[in-house]
Amino acid sequence: MAELSQLLWAAQGVTDTQSRRRASPSAGALYPLELYAVVRERGVVGLPAGVYRYSPEDARMTMAKNGDMSGALRAAALDQEMVGLAAVSVVTTAVVQRTRSKYGERALQYVFQESGHAAENVFLQAVSLGLGTVMVGAFNEEEVHSVIGARPEERPIYIQPVGVPQHRGERSTLRRKALSREPDRHR
Ligand SMILES: Cc1cc2nc3c(=O)[nH]c(=O)nc-3n(C[C@H](O)[C@H](O)[C@H](O)COP(=O)(O)O)c2cc1C
């Protein structure tokens, strides 16, 4: 749970309590991205299988769907095996209109750039925790939208299946250090 919390925080967590700015950059600080965690059965200790929506404001996850949706997510991701095997998949969606309201036609470009920043943060955080991940862009957008129960205005952009690689033991020191750095973020 602490590790999942840390992964989500790295993507969109609030880093400045006054300005409410976040861990990855956003054009005009409009923050169009939304994050979901699709948790497999027994994927995260202490967390029932389901789809969780991340709220950056209070660093909490709220269950949006109950039950193991990893098989359905795998099917939506052109049957890519690792999506079904991963303990958890982090799914990034975007509400493009948030950015369009200020930047018009540039919005889509900004949103894709931002999702790259956020996903790279998840990737770096995963590696520093001794976890494995991969960027997954090959999926059926409508199906992913339905599997995670996204709101109509959201557009799925990335899936990042995260799991424990076989070589993890070798990196456990790095992981312990990363987790002990920010104890208040592991709610
Ligand atoms: C936009 C984007 C979409 C990608 N989609 C997939 C995918 O659907 N499935 C997959 O296995 N890897 C996917 N990848 C990962 C690439 O295959 C991988 O980055 C590339 O083979 C280079 O390997 P490396 O990142 O380990 O150096 C994607 C990467 C990017 C940047």
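Start by selecting helix α6 (residues 141-148), where Val144, Val147 and Ile148 are buried. Looking down the axis of α6, you will find these buried residues within an arc of 85 degrees, so they line one face of the helix. The arc is taken from the directions that lead from the helix axis to the C-beta atoms. Buried here means that 20 or more other C-beta atoms lie within 10 Å of the residue's own; with 12 or fewer a residue is exposed, in between it is partly exposed, and the C-beta atoms are placed from the backbone.

A word on what is on your screen: this is a predicted model, in which local features need pLDDT of at least 70 and side-chain atom pairs count only at pLDDT 80 or more, while totals for chains, interfaces and linings use all residues. Residue numbers run from 1 along each chain as its sequence is written. Helices (H or I, at least four residues) and strands (E, at least two) are DSSP runs, numbered from the N terminus.

**What lies over α6**

Then step just past the end of α6 to glycine 149, which takes a positive phi of about 65 degrees.

**The whole chain**

Now zoom out. How many helices and strands does the protein chain have? There are seven helices and six strands, and along the sequence they follow the pattern α-β-β-β-α-α-β-α-α-β-α-β-α. Of the 187 residues in the protein chain, 43% are buried. Among the contacts with a separation of 6 or more, 69% are made by residues 24 or more positions apart. Two residues are in contact if their C-beta atoms, placed from the backbone, lie within 7 Å.

Select α1 next. Nine of its 11 residues are buried, so α1 is largely enclosed by the rest of the structure. The buried residues of α1 are Glu3, Leu4, Gln6, Leu7, Leu8, Trp9, Ala10, Ala11 and Gln12.

Helix α1 (residues 2-12) and helix α5 (residues 107-128) pack at an angle of about 145 degrees, with their axes 7 Å apart. The axes are lines fitted to C-alpha atoms, for helices over the stretch in contact, and the angles run from 0 to 180 degrees between N-to-C directions. To see the contact itself, show Gln6, Leu7, Ala10, Ala11 and Gln12 on α1, and Ala118, Asn121, Val122, Gln125 and Ala126 on α5. These contact residues divide into six nonpolar, four polar and no charged. In this grouping Ala, Val, Leu, Ile, Met, Phe, Trp, Tyr, Cys and Pro count as nonpolar, Asp, Glu, Lys and Arg as charged, and the others, Gly among them, as polar.

**Two loops with positive phi**

Follow the chain to alanine 29, in the loop between α1 and β1. Alanine 29 has a positive phi of about 50 degrees although it is not a glycine. Is alanine 29 buried or exposed? It is exposed, with 10 other C-beta atoms within 10 Å.

From there, jump to threonine 99 in helix α4 (residues 96-103). Threonine 99 and alanine 29 are 70 residues apart in sequence and 9.1 Å apart in space, C-alpha to C-alpha. Threonine 99 is buried, with 24 other C-beta atoms within 10 Å. Setting aside neighbours within four places in sequence, threonine 99 is in contact with Ala27, Leu30, Pro32, Ala107, Tyr110 and Val111.

The loop between β1 and β2 is the place of arginine 42, whose phi is near 60 degrees, a positive value in a residue other than glycine. Arginine 42 counts as exposed, with 11 C-beta neighbours inside 10 Å. Glutamate 41 is also in the loop between β1 and β2 and counts as partly exposed, with 13 C-beta neighbours inside 10 Å.

**Last stop: the ligand**

Finish by selecting the ligand. Which residues surround the ligand? They are Gln80, Val134, Met135, Val136, Gly137 and Ala138, near in the sense that each C-beta atom, placed from the backbone, lies within 6 Å. This shell divides into four nonpolar, two polar and no charged. One of its residues, Val134, is also in contact with methionine 82, which is found in helix α3 (residues 81-85).
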